[in-house]
Amino acid sequence: MKYVTEVSLTLPPSQVLDQLADSGNYSEWMESLIGMEVLEGEPGEVGSKPRLVHKMGKREIAMLETITHREDPSGFTAT
């Protein structure tokens, strides 16, 4: 499954990464998110592994995410 979302932001790049990495903001840019649980590591940091639950139509889908790269302020990568 490939999940892609696009959000327009009006913040400077240095603040955007902090906002994206803050798990409290996930529901702001993942509209289908209904729950999240951090299974390992510190939220937003390399190596952290949250379990994300999304409601898509009538189905609930659980996804395991691993943050694999973070370079402030240019971005981060998660699989």
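Biologist: How many bridges pair β2 with strand β3, and in which sense?
Modeller: This is a predicted model. The β3 strand covers residues 59-64. β2 and β3 pair in the antiparallel sense, and the number of bridges is six.

Biologist: Which residue in β3 stands opposite Lys55?
Modeller: β2 runs over residues 49-56, and β3 over 59-64. Across from Lys55, the residue in β3 is Glu60.

Biologist: What is the phi of Gly57, in the turn between β2 and β3?
Modeller: β2 and β3 make a hairpin, with two residues between the strands. Gly57 sits in that turn. Its phi is positive, at about 70°.

Biologist: How many residues lie between β4 and β5 in their hairpin?
Modeller: β4 spans residues 67-71, and β5 spans residues 75-78. The two strands run antiparallel and are joined by four bridges. Between β4 and β5 in the hairpin, the count of residues is three.

Biologist: Which residue in β5 is the bridge partner of Glu71?
Modeller: β4 and β5 are joined by four bridges. Glu71 takes part in the pairing, and its partner in β5 is Gly75.

Biologist: Which residue forms a salt bridge with Glu45?
Modeller: The structure holds one salt bridge. The cut-off is 4 Å between a side-chain nitrogen and a carboxyl oxygen. Here the closest N and O atoms are 3.5 Å apart, and the partner of Glu45 is Arg70.

Biologist: How many residues apart in sequence are the parts that this pair ties together?
Modeller: Glu45 lies in the loop between β1 (33-40) and β2 (49-56). Arg70 lies in strand β4. The pair therefore ties together parts whose separation in sequence is 25 residues.

Biologist: Is Glu45 buried, partly exposed or exposed?
Modeller: Buried means under 20% relative accessible area, and exposed means over 50%. Glu45 has a relative accessibility of 40%.

Biologist: What separates the C-alpha atoms of Gly47 and His69?
Modeller: Gly47 is in the loop between β1 and β2. Gly47 counts as partly exposed, at 31% relative accessibility. Along the chain, Gly47 and His69 are 22 residues apart. Their C-alpha atoms are separated by 8.3 Å.

Biologist: What is the relative accessible area of Thr68?
Modeller: Thr68 belongs to strand β4. Along the chain, 53 residues separate Thr68 from Gln15, and their C-alpha atoms are 20 Å apart. Thr68 is partly exposed, with a relative accessible area of 42%.

Biologist: Is Ala21 buried or exposed?
Modeller: Ala21 is in helix α1, which covers residues 13-21. From Ala21 to Glu31 is ten residues in sequence and 16 Å in space, C-alpha to C-alpha. The relative accessible area of Ala21 is 8%. Buried means under 20%, so Ala21 is buried.

Biologist: What is the volume of the largest cavity?
Modeller: The structure holds one cavity of 30 Å³ or more. The residues lining the largest cavity include Tyr26, Met36, Val38, Pro50 and Ile67. Its volume is about 40 Å³.

Biologist: How many residues in the lining of the largest cavity are charged?
Modeller: Among the lining residues are Ser23, Pro43, Gly44, Ser48 and Glu65. By class, six residues of the lining are nonpolar and three are polar. Glu counts as charged, and the number of charged residues is one.

Biologist: What is the radius of gyration of the chain?
Modeller: The chain has two helices and five strands, in the order α-α-β-β-β-β-β from the N terminus. For 79 residues the globule rule gives 12 Å. The chain comes close to that value, so it is as compact as a globular protein of that length, with a radius of gyration of 13 Å.

Biologist: What percentage of the residues count as buried?
Modeller: The C-alpha trace spans about 35 × 30 × 20 Å along its principal axes. The chain has 79 residues, and the buried share is 25%.

Methods: Residues numbered from 1 in each chain as written. Predicted model: local features only at pLDDT ≥ 70, side-chain atom pairs only at ≥ 80, totals over all residues. Heavy atoms only, no water. Buried < 20%, exposed > 50% of the residue type's maximum accessible area, 1.4 Å probe, protein only. 1 Å grid on protein atoms, 1.4 Å probe; cavity = no way out; pocket = protein on both sides within 12 Å on 5 of 7 lines; lining within 4 Å. Points joined across faces, edges and corners; volume = space filled by probe spheres on them. Pairing = 2+ DSSP bridges. Rg over C-alpha atoms; globule rule 2.2 N^0.38 Å.
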